[in-house]
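Please look through the points below with the model open.

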Amino acid sequence: GASYLNVAESLAAILQRLAEEGYNVGDSPMIGDEILDELLAKATNVGSYAPGELETLVSHGSTVQIGMADYNRWLDGFSPTLREKVLKDWGAPETSELMMVQGDAGPSFVIPAVQYGNIALLPQPARGAGENLEQLYHANDLAPPHQYMATYAWLRDGFQADAVIHV
């Protein structure tokens, strides 16, 4: 957790500094409370236990959807050991229920994000879904689920981020 860290104000300070350094951060107000409000409305992890919430999130238009063709191409680019472990632990990607919607092109992973110029703000993807929270958060041999993998693959290969900062 971010104990004693005001995440929203920290994000605002980082964006303001990036703007001062000449980075494209868009023209949105860089005010902590407004950033937090936008993230809570448009970029949150949504569990399958909340019917309709994912569709509402997608309707805001700021999410990224990763179709199976792109994801499978990215998955094939990971080391064979990691790829096989993800498939063993979580099954075929198209059967995932974590942050997945059915679109015109079939199932797609949803990546909740808001963009400020060339900067994408998004929550840390969920480490999994299911009943055994102890295993999800503390197992040292459980592979990340497909949506988690899709998020970081998108950051690298889709968004083409030069850096990732976890706050």
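1. Gln-147 lies in helix H7; helices are DSSP runs of H or I with at least four residues, strands are runs of E with at least two, and both are numbered from the N terminus. The model is predicted, so local features need pLDDT of at least 70 and side-chain atom pairs count only at pLDDT 80 or more, while totals for chains, interfaces and linings use all residues. Residues are numbered from 1 along each chain as its sequence is written, and side-chain values use heavy atoms, with hydrogens and water left out.

2. Gln-147 is buried, at a relative accessible area of 1% (buried is under 20%, exposed over 50%, partly exposed in between, with a 1.4 Å probe and protein chains only). A polar atom of the Gln-147 side chain lies 2.8 Å from the backbone oxygen of Val-110.

3. The largest nonpolar core has 17 residues, and Ile-66, Tyr-71, Phe-109 and Trp-154 have the most contacts inside it. A nonpolar core is a set of buried Ala, Val, Leu, Ile, Met, Phe, Trp, Tyr and Cys residues joined through side-chain atoms within 4.5 Å. Strand S1 (64-67), helix H4 (68-77), strand S3 (106-111) and H7 each give two or more residues to this core. H7 gives the most, with five residues.

4. A second, separate core has 11 residues, including Val-25, Leu-39, Ile-119 and Leu-121.

5. Which segment holds Val-167? Val-167 is in the segment after helix H7 (146-158). Val-167 is partly exposed, with a relative accessible area of 42%.

Notes
Polar contact = N/O pair within 3.5 Å; in protein donor to acceptor, adjacent residues only side chain to side chain.
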